[in-house]
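Please open the structure in your viewer and keep the selection tool at hand. The stops below can be taken in order.

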Amino acid sequence: MLLRVIKRNFALFSRIQKVRHSNKHILTAVKAQYGTMKYLNQQEAISVDEELFNEYKFSVDQLMELAGLSCASAIADAYSPDSLRSNKVLICCGPGNNGGDGLVAARHLSLMSFVPYVYYPKRTDKQLFKNLQHQAESMGITVSVDCPAGEWVEAEFGLIVDALFGFSFKPPVRESFRPIMEVLQKTKLPIVSVDIPSGWDVELGPQTDCDIKPDCLISLTAPKLCAKQLVNAKHYLGGRFVPGKLGEKYAMNLPAYKGRDLFVRLS
């Protein structure tokens, strides 16, 4: 009887070891795949964008919709509404395409059991952005020009989305954006940054101890060099639209997206 128990336990132990060994190989393969992935410098990021528009004939609103949807999907994967103190999300949008991604993400998050509130201070006369704002407001999303007070943000929201500045940003932060940057620097809420943590150098990363520390970064198209400076943060890749030839030209070595997923979790 004792011998049978010993044999059974030994067989079970052997199976566990095989599973551990197999999982170790899988994790090693995944890390190896991501380890070869290209991190773009600022000029490469600009050039890739230009080629998507000029060579591959994507429109700005087309890429913005795909990017914003992938951001919303990654956020919903990283933070279920029930896991947060509140399902209310403060989305801070800048004047450029990064802010447009934020406006799109807000609309999709509202359909995923989140309650977005958009801070969008610097408006543009471009019809695309007017349409994005109109679409958000038509879905009952508040879009405000007033910088929210830090105390109110801490009491009202469960998550912050930073969609202020993209890969064309060069420090320092302009005076008009310093109040919201101060809110982001002081908050204890998790911050999700879209493509680039606002205020960071696109290639070198944070430049001072006061720079924001995102809990999550969603890189779009391909990670930028600053993403290598992330510390204890979730990292996603979104924007499932890169043509194979373009990826090859820039040696991006992007990881494969699973099934119909719009994002890949990198860490």
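This is a predicted model: local features need pLDDT of at least 70, side-chain atom pairs count only at pLDDT 80 or more; totals for chains, interfaces and linings use all residues.

Residues are numbered from 1 along each chain as its sequence is written, and side-chain values use heavy atoms, with hydrogens and water left out.

**Stop 1: helix H3**

Select residues 60-78, which form helix H3. Helices (H or I, at least four residues) and strands (E, at least two) are DSSP runs, numbered from the N terminus. Pick Asp61 in H3. Asp61 is partly exposed, with a relative accessible area of 42%; buried means under 20%, exposed over 50%, and partly exposed in between (1.4 Å probe, protein chains only).

Next, select residues 127-138, helix H5. The axes of H3 and H5 come within 11 Å and cross at roughly 35° (axes are lines fitted to C-alpha atoms, for helices over the stretch in contact, and angles run from 0 to 180 degrees between N-to-C directions). To see the contact (heavy atoms within 4.5 Å), show Val60, Asp61 and Met64 of H3 with Leu128, Phe129 and Leu132 of H5.

**Stop 2: a group of rings**

Which residues are linked into a cluster by ring pairs? Select Tyr117, Trp152 and Phe157. Rings of Phe, Tyr and Trp (its six-membered ring) pair if their centres lie within 6.5 Å; planes under 30 degrees apart count as stacked, over 60 as edge-to-face and the rest as tilted. The whole structure has 7 aromatic pairs. One of them is edge-to-face, because the rings of Tyr117 and Trp152 have centres 5.3 Å apart and planes at 70°. Tyr117 lies in strand E2 (residues 115-119) and Trp152 in helix H6 (residues 150-156), so this pair ties together parts 35 residues apart in sequence. Tyr117 is buried at 18% relative accessibility, whereas Trp152 is partly exposed at 34%.

Tyr117 also pairs with Phe157, in a tilted arrangement with 5.8 Å centre to centre and 55° between the planes. Phe157 is buried, at 2% relative accessibility.

**Stop 3: two cysteines**

Select Cys71 and Cys216. Cys71 is buried at 2% relative accessible area, and Cys216 is buried at 1%.

Notes:
A disulfide is a pair of cysteine sulfur atoms within 2.5 Å.
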